[in-house]
Amino acid sequence: MNDWIVPIAPDPDAPVCVIGLPHPGGGPNFYAPWADVSGVEILAVQPPGREARTAELPITDLPRLVRQTANAIAGICERRPTALFGHSGGGRYAYEVCRALERANRGPALLCPSGISAPDHSYWTTTAEQLLTDPVTAYLMLGGEALPGQIEQDQATVDSFISLIRADAHLYTGLGIQPPVPLRCAIAAFAGEDDAIADPEDMAGWQKWAAGPEAFTLHRYPGDHFYIRHRFQEVLDDLLTDLKGIASPVTSTVHPTALSH
């Protein structure tokens, strides 16, 4: 492993692997509810500025973040069927990493966006700016729970969290709307029924980005934008059903290409 990868449920001999990417303001601990699973390895991406790497400055340039993340996980995706899971902005992060890996013929078997619209949705022209101008209000509007340190009145922790939210928002400003370009992998989308950011109808838009109509699945759960906090086990069960239904990684018949640094 390296600084970029945190083992949540380490099992290098498991037949499949799930890699969780952080949502704005989040980190590897978001995936702690998956720590006790068996038969699958669960890993989480930890970019600079989060949790054990808080002493480092967050990366605010999306191409650089994607490139470094892809380099960190490419070998994992090559060894066995792997799913990239990202909630909220982490879903767009996962998509960009997936695209970079596919360009190098080292892509995952499954992309799993949760609570985030596809790149051709109007969401990408508005919400990042709101996170930049008023991150606390935006976070709470999304259905987020108490801010870190809020209960203890730890202003330094809250300030650090707000700074990370703003840094993450910078990643997505200026992306604009992109026309659908299908991936080579399957997509399993996850949606909260009452999510004000990306409801099931919005999440269905990811079908245009999958390898084909038969390579897309939509899972729906009760709840708002942070529905997953109460549905972690159900989400993982559905994700693994989709992943294990994929016979082999889509990159198994092509030769890997070196990723640029």
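Q: How many residues does the largest nonpolar core have, and which of them have the most contacts inside it?

A: In soluble globular proteins, nonpolar side chains tend to be buried together. In this predicted model, the largest nonpolar core has 74 residues, and those with the most contacts inside it are Ile 73, Leu 84 and Trp 206. Helix H1, which covers residues 62-79, gives the most to this core, with 9 residues.

Q: With which residues is Trp 206 in contact, once its neighbours within four places in sequence are left aside?

A: Setting those neighbours aside, Trp 206 is in contact with a list of residues that includes Tyr 95, Leu 111, Pro 113, Ile 116, Ile 187 and Phe 216.

Q: Which residues of H1 are buried, and against which elements do they pack?

A: The buried residues of H1 are Leu 62, Leu 65, Val 66, Thr 69, Ala 70, Ala 72, Ile 73, Ala 74, Ile 76 and Cys 77. They pack against strands S1 (5-9), S2 (17-21) and S3 (41-45), and also against S4, H2 and H5.

Q: What span should H1 have, and how far apart are its end C-alpha atoms?

A: At 1.5 Å a residue, the 18 residues of H1 should span 26 Å, and the end C-alpha atoms are 26 Å apart, which agrees.

Q: Which residue caps the N-terminal end of H1?

A: Asp 61 caps that end, with a side-chain oxygen that lies 2.9 Å from the backbone nitrogen of Arg 64. Asp 61 is also 7.4 Å from His 170, C-alpha to C-alpha, although the two are 109 residues apart in sequence.

Q: Is Ser 88 buried or exposed, and where is it found?

A: Ser 88 is found in the loop between strand S4 (82-87) and helix H2 (89-103). Its relative accessibility is 5%, so Ser 88 counts as buried. The side chain of Ser 88 makes a polar contact with the side chain of His 225, at 2.9 Å, and among the other residues in contact with Ser 88, leaving aside neighbours within four places in sequence, are His 23, Pro 24 and Gly 115.

Q: What does the pLDDT average over the protein chain, and where is it below 50?

A: The protein chain averages a pLDDT of 87, and 84% of the residues score at least 70. Over residues 247-255, however, the pLDDT is below 50, and this stretch has 12 contacts in the model beyond near neighbours in sequence.

Technical notes:
Residues numbered from 1 in each chain as written. Predicted model: local features only at pLDDT ≥ 70, side-chain atom pairs only at ≥ 80, totals over all residues. Heavy atoms only, no water. Helix = DSSP H or I, 4+ residues; strand = E, 2+ residues; numbered from the N terminus. Buried < 20%, exposed > 50% of the residue type's maximum accessible area, 1.4 Å probe, protein only. Polar contact = N/O pair within 3.5 Å; in protein donor to acceptor, adjacent residues only side chain to side chain. Contact = heavy atoms within 4.5 Å. Core = buried A, V, L, I, M, F, W, Y, C linked by side-chain atoms within 4.5 Å. Expected span 1.5 Å × (residues − 1). pLDDT = per-residue confidence, 0-100.
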